[in-house]
Each structure stands twice: as C-alpha cells, then as structure tokens.
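I opened my notebook for an afternoon of looking around. Here is what I looked up, in the order I went.

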Amino acid sequence: MITLGPARKDHWIGLRTGIGVFAPLITLFAIDRLDLVVFAVFGAFTGVYGRVDGYWNRLRMQVRSGLLLFVVIAVALSASYWWVDHNNPEVMQWQIVGATTLVAGICSVLVGFMRLRPGGSLFHIFAFAAIASIPHPAAMGEALLVAALTILLAVVIGSAGALGQWANLWERTPLPPLSDNVRKAIWWEGLFYILSAGVAGILANTVGSQLSAGHNYWAMVAAVVPLVGHTTRLRIRRGVHRVLGTLVGMILMALLIWLNPQIWVLMAFIAVCQFMAEMFVMRNYFLAQIFVTPMALVGVSLVTGLSGAVIYDRVVETLIGCAVGMLGVLLGSWFGMVLKRKQGLDPKS
C-alpha cells in the first residue's frame, strides 16, 4: 500500500503538469470566464503524456495526444449542443453512456496505434462524458480556443527544457513497427474497454440511480482503471488501490468543503494535487489516487460550487466501476487460459 517504486525524475513532470493546469485556470479566473474552466482542465491533460525521455520524443507524443484530446473535446461539445437531450435526464443518461462507451473503445485503439503513454482511454472517457453532460456549454469557438491554447501551452512547457540544449534537440528514438501480436492485442484491449465501460455505465444508470448517485461516467472511468497493467495481479491491485485511494482522498475533499476557500485557492489546490499525483502515479497508485480524487472533484465543481453530494457520488460510482473492471480482468484472464489450453499452449506463458 505504501511501498514506493523507483523515482524517475517525477518532480519534473509534476511541475510541468501543475503549471500547465494552473496557468490557464488562473487566467480564466482573472478575466471572469469560469464557464470555460472545464475545457482548460481537459486540455491540460496533454501534459500527462510527457513522461518520455528526449525532447523530440516528448514533442511527438504530446502533439499526438493533444490532437486526440482536442478532437474528443470538439466531438463532446458538438454532442452537447446538437444531440444530447438535456431536457430529459433519463434519456440523457443513456445517451451519455452509449456515446462514452464508443469513445472508450475507439480512443483505446487509437492510443495503442499512436504509441501514447499512459495507455488506455481513461482521460478521453472523462473528458467526453463530462463535457457532453454540460446542459448549457460556452460558445463553441471560445471553448475550443481555450482547449487549443491549453494544449499548446502543455506542449510548450514540455519542450521548454530544450532551451540551451540545441545539440540534443533533434535526437529521436525511432518507433519500431508494431508486430501482428501487438496489433491484435490493441484491438482486443479496445473490446475490453468497450465492455468494461459499457457494463459499468449500465449499472451506474440502474443500480446507481436507485442509490441516488449521479455522475454515471465516474463509474465508467473507474471501470477501465484495472485494464492497465501487464499481469492480472497488477491489474487487480490497481483496482483495489483506486477504491482505497478514493476513500482516503475523500478526507481531503471533506476538509476542503468544510474550509470553503476562495476560487483562486481551489485552483492552486488543483495544481498542487496534479503535481502530487504525477509524483506518485508511477510509484504507488494508491498514494496517487489520494490526490487524484479531490483534484477531479474540485475540477468539476469550480463553477457549481463544492458540495458534499459529490463525495457520495464518487464513492458509489467508483465502487461500481472498479467492481466491474476487476471482474472483467478476472474473466478475461480465465478466457485467455481456456484459449491457450485449447491451442495446446502453456496457460502460464
């Protein structure tokens, strides 16, 4: 639970992502445009894809991840404007689940073929569902401009260390071609993302609604967390860490609600949590979740205000999602073993 893996200059990506989210947020606060905050928050996710050595390699990955995030944000905004029925909450919930399920699978496959790290479509699920759920979003041009500028800022910050190191600037690591097995694995992973996110969304809409819990897409986000990992044991551990880290993170969130600080303090809090999350996410997922949880809740509550209801929603939806994800991992592992036995292979290979 508290064992730390080896450090890999985590403080640098923590600083880059912390600055990358705080700068646009405080700018929007200064010009009194908090309605655009959500687009800056999701655009800033581009900085998370900077955990790679070599400035050219980092630039390549962040440009690719930024373009994909921008497309997801644009599609989500379009869905909110012209497709999602915000006047009918029940219909809207199923629309969000259905569309987000497709996004989960499509983005998982695209991330795999684009060689992005971290893998999977967690950030794209979160961004699409949260934006598509907004009943009265900001003007599309303004929203997309904020998202694009925030993405550009993350790319610039990621490349800033190249100043004064021009000799090494163009050193790049060629990406080897994907083998047939890897290509098949990417498609299989996309299928598992669709199944996990879809089942979690359905349960969130049925069981979650009976428990008076909102934010069904939080269950979909939690469901894909256990899908990242090289072994079944590691994936199950991630699911357990997600649940326990969320519960501990709620203590920070409750304290924040009690203190009820000013908005600019909440923005600084998001930046600090982003820094701490990147400090721990590769070393101990449980510790990282302690900071991810309040950061996510504050991020979606800046405009509407902090509320104790989000704590309840987060716990219920996380439990539903992680249960679905871990069960899916176990079933997938069992299915793989059966398949290998039929092919005459060693199930442990």
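Leaving aside its neighbours within four places in sequence, which residues is Thr318 in contact with? I found Ala222, Arg242, Val243 and Thr246, where contact means heavy atoms within 4.5 Å.

**Ground rules.** I am working with a predicted model, where local features need pLDDT of at least 70, side-chain atom pairs count only at pLDDT 80 or more, and totals for chains, interfaces and linings use all residues. Residues are numbered from 1 along each chain as its sequence is written, and side-chain values use heavy atoms, with hydrogens and water left out.

**Entry: Thr318.** I placed Thr318 in helix 13, residues 309-342. Helices (H or I, at least four residues) and strands (E, at least two) are DSSP runs, numbered from the N terminus. Thr318 is buried at 3% relative accessible area. My scale is this: buried is under 20%, exposed is over 50%, and partly exposed is in between, with a 1.4 Å probe and protein chains only. A polar atom of the Thr318 side chain sits 2.6 Å from the backbone oxygen of Arg314. I count a polar contact as a pair of N or O atoms within 3.5 Å; within protein, one must be able to donate a hydrogen and the other to accept it, and residues adjacent in sequence count only if both atoms are side-chain atoms.

**Entry: the annotated stretch.** I checked UniProt, where an unreviewed entry lists residues 207-327 as "domain: Integral membrane bound transporter". UniProt positions are given in the numbering used here, feature names are shortened, and annotations may be inferred rather than shown by experiment. Over residues 207-327 I read 77% helix and 0% strand, with the end C-alpha atoms 17 Å apart.

Entry: How many residues of helix 9 (216-224) are buried? The count is 9 of its 9 residues, among them Trp218 and Ala222. The cover over helix 9 includes helix 4 (89-113), helix 5 (122-132), helix 8 (180-210), helix 10 (232-259), helix 12 (285-299) and helix 13. I then turned to helix 5, which is largely enclosed by the rest of the structure because 10 of its 11 residues are buried. Phe123, His124 and Phe126 are among the buried residues of helix 5. Helix 2 (37-43), helix 3 (55-82), helix 4, helix 9 and helix 12 are included in what covers helix 5.

**Entry: Gln95.** I found Gln95 in helix 4, buried at 15% relative accessible area. Its side chain reaches the backbone nitrogen of Asp85 at 2.8 Å. Leaving aside neighbours within four places in sequence, Gln95 is in contact with Trp83, Val84 and Asp85.

Entry: Most residues other than glycine have a negative phi, and most peptide bonds are trans. I noted a cis peptide bond between Arg117 and Pro118, with omega about 10°. Pro118 is in the loop between helix 4 and helix 5, and Arg115 is placed in the loop between helix 4 and helix 5 as well. Arg115 has a positive phi near 65° and is partly exposed at 21%. Lys9 also has a positive phi, about 55°; this residue is in the segment before helix 1 (10-30) and is exposed at 64%.

**Entry: salt bridges.** I count 4 salt bridges, each a side-chain nitrogen of Lys or Arg within 4 Å of a carboxyl oxygen of Asp or Glu. One of them pairs Arg51 with Asp10, the closest N and O atoms being 2.8 Å apart. Arg51 lies in the loop between helix 2 and helix 3 and Asp10 in helix 1, so the pair ties together parts that are 41 residues apart in sequence. Asp10 is buried at 3%, whereas Arg51 is partly exposed at 26%. Arg33 forms a salt bridge with Asp35 at 2.9 Å between the closest N and O atoms. Glu142 and Arg33 meet in a salt bridge at 2.8 Å, N to O. Glu142 lies in helix 6 (residues 140-159) and Arg33 in the loop between helix 1 and helix 2, so this pair ties together parts that are 109 residues apart in sequence.
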